[in-house]
Amino acid sequence: EKYSALAVETSFLHDLQDAPNQVPMKVVEGGGVGVGGPSEAGLTDVVWVLNNTFRLFVYNIAPIPQDFRSGLSSSDPPPVTAFSLFLNNLPPIAECKVAQVSAGSACTAIVDPSLFDADSFDPDGGPVELSIEPATAFGLGVTDVQLTVADNFSSSMCSTQVTVVDNTAPVITAPANVSVSSCAASATVNVGKATATDNCASTPSVTGKITVKNGADLPQPIDVTSGQANLGPGTYGVLWTASDGVNTSMAIQVVTVTTSIEANGSFVLDDRAQFTKASGGFATVFNAGAQQTSIGNDAHSGPVFSVGPITVNHRAHVDGDLTSAQAVSAVSDAVISGTIHPFSAVALPGLPSLPAFPAPTSGNLTVNSGVFAPHAGASYGTVILNSGAEMDLGAGDYFFVSLTINSAVKLRATASTRLFVQNQLIERSSFTTTSGAPQPIYLGYGGDNMTLEAAFTGTFLAPNADITLGTGSATTFAGSFFARGIEVRSGSTLVCG
């Protein structure tokens with residue numbers, strides 16, 4: 001009560017505590033009767049503050065005038081009749097500031113009261129405790145907050161605000177890389193769709209755009225729609241983006257579209273040859289080499305993409321465009337349903353590679369009759385199968401330095417059979433299942449030019465050879481074929497897929 005009658009600002013007392021030399025300071029003088037009794041003769045009523053303890057020497061309490069600082073001297077002694085007390089129950093001073101925090105995993109923020117404190121203090125020099133109302137997790141946006149500053153005796157409050165912002169980008173997962181083969185100049189590819197989660201958005205928006213082809217940025221990105229995109233042969237980068245409306249995150253997926261049948265030198269359809277798709281219609285001719293691509297008299301194919309020049313002969317049918325990095329020529333009676341694009345950019349993937357051939361672990365062998373059943377993983381020298389012989393190939397890889405399969409040989413295999421011939425291959429019989437139906441297999445050939453004389457189904461890879469399909473009779477070859485040069489003989493049909 002004595003203190004409040006003095007009407008001394010607590011901030012002023014705080015300043016006195018920090019005064020130099022920590023010595024008593026006379027605050028104000030006045031006349032009248034002192035609290036300790038009447039003043040002695042010749043003495044004046046004085047309020048003193050001993051600033052290192054906030055102890056007051058006071059008597060004849062009266063309001064402090066505005067010009068209290070004038071005429072004070074710290075060297076004046078305390079009055080004889082001074083009444084002393086300890087000023088230890090001053091309320092703390094609450095000073096607020098606004099806070100901004102990031103939302104956490106639950107899209108809320110737990111805020112420590114100290115973030116709102118702008119140097120609040122206790123004039124008594126004691127510790128203070130901070131608390132806020134509401135004392136809860138704050139959601140996105142601006143929320144009014146009340147900061148309470150308390151000491152052991154009393155408390156003070158101030159008002160402020162907290163702003164919770166979403167600084168957390170969505171977590172995005174791109175689909176697995178995709179590799180597909182195509183019999184067409186372009187095809188709808190199922191690339192999948194990225195998934196995303198976010199701390200604030202239950203369903204972040206996800207978009208996919210194909211931005212890169214064969215290592216170069218596309219001038220016009222290709223949209224992924226419902227997890228699909230229309231793509232031709234090449235290696236593509238799909239940029240997936242997830243957004244919660246504020247933050248974005250990205251992921252990259254690689255999509256590889258390879259050709260199912262491709263030459264890397266020349267591609268020739270002889271007269272009356274057909275190049276079709278297993279799904280119907282005519283397949284696209286892909287030639288990544290600089291040599292001639294030729295569609296013979298009365299031959300029929302789909303579109304043609306060739307690094308080398310293209311020639312279309314009499315009465316030939318091409319269902320689609322002719323696109324070449326060099327010249328294109330077509331006789332007048334050729335039927336071309338698309339557009340001719342000479343001297344255009346043509347980029348095609350390279351051919352697959354053969355595995356390394358191991359050194360032979362078994363010697364040479366000629367089988368005239370009976371069953372030859374090689375072991376998977378074994379490597380043989382020169383093997384000749386004559387008419388009447390049989391060969392059983394189970395699942396796995398088989399290696400031969402040279403393999404001759406003559407006519408009327410029974411070749412039984414499985415869908416998982418892979419056969420590799422290093423130097424010389426003669427094929428005059430077809431592979432079948434145990435029931436005698438055609439059996440697709442994987443046949444790799446590392447040698448030079450050769451002819452597939454019997455019908456073949458599966459994958460045939462001969463990156464160093466010019467291969468001839470058929471001997472001039474109506475023979476069908478189906479599956480995937482990769483070679484330096486491909487020639488489909490007159491009347492034969494090459495089926496892609």
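What share of the 497 residues in the protein is buried? Color by burial and see: buried residues make up 43%. Keep in mind that this is a predicted model.

**Whole chain.** Start with the cartoon. The protein has 44 strands and two helices. The accessible area is about 22800 Å², and carbon and sulfur atoms account for 51% of that. Contacts come next. Among those with a separation of 6 or more, 46% link residues 24 or more positions apart.

**Main core.** Select Leu385, Phe460, Phe481 and Ile486. These residues have the most contacts inside the largest nonpolar core, a set of 57 residues. Then select residues 456-469. This is strand β42, which gives the most to this core: six residues.

**Phe481.** Stay in this region and center on Phe481. Set aside its neighbours within four places in sequence. Phe481 then touches Ser260, Ile261 and Glu262, as well as Leu452, Phe456, Phe460, Leu469, Ile486 and Leu494.

**Second core.** Move on to Ile172, Ala194, Ala196 and Ile210. They belong to a separate core of 18 residues. In soluble globular proteins, nonpolar side chains tend to be buried together.

Select residues 205-213 and 216-223. These are strands β15 and β16, which run antiparallel and are joined by four bridges. Within the pair, find Lys209; across from it in β16 stands Asp223.

Note on methods: Residues numbered from 1 in each chain as written. Predicted model: local features only at pLDDT ≥ 70, side-chain atom pairs only at ≥ 80, totals over all residues. Heavy atoms only, no water. Buried < 20%, exposed > 50% of the residue type's maximum accessible area, 1.4 Å probe, protein only. Contact = heavy atoms within 4.5 Å. Areas by Shrake-Rupley, 256 points an atom, 1.4 Å probe, with all protein chains shown as cover. Pairing = 2+ DSSP bridges. Core = buried A, V, L, I, M, F, W, Y, C linked by side-chain atoms within 4.5 Å.
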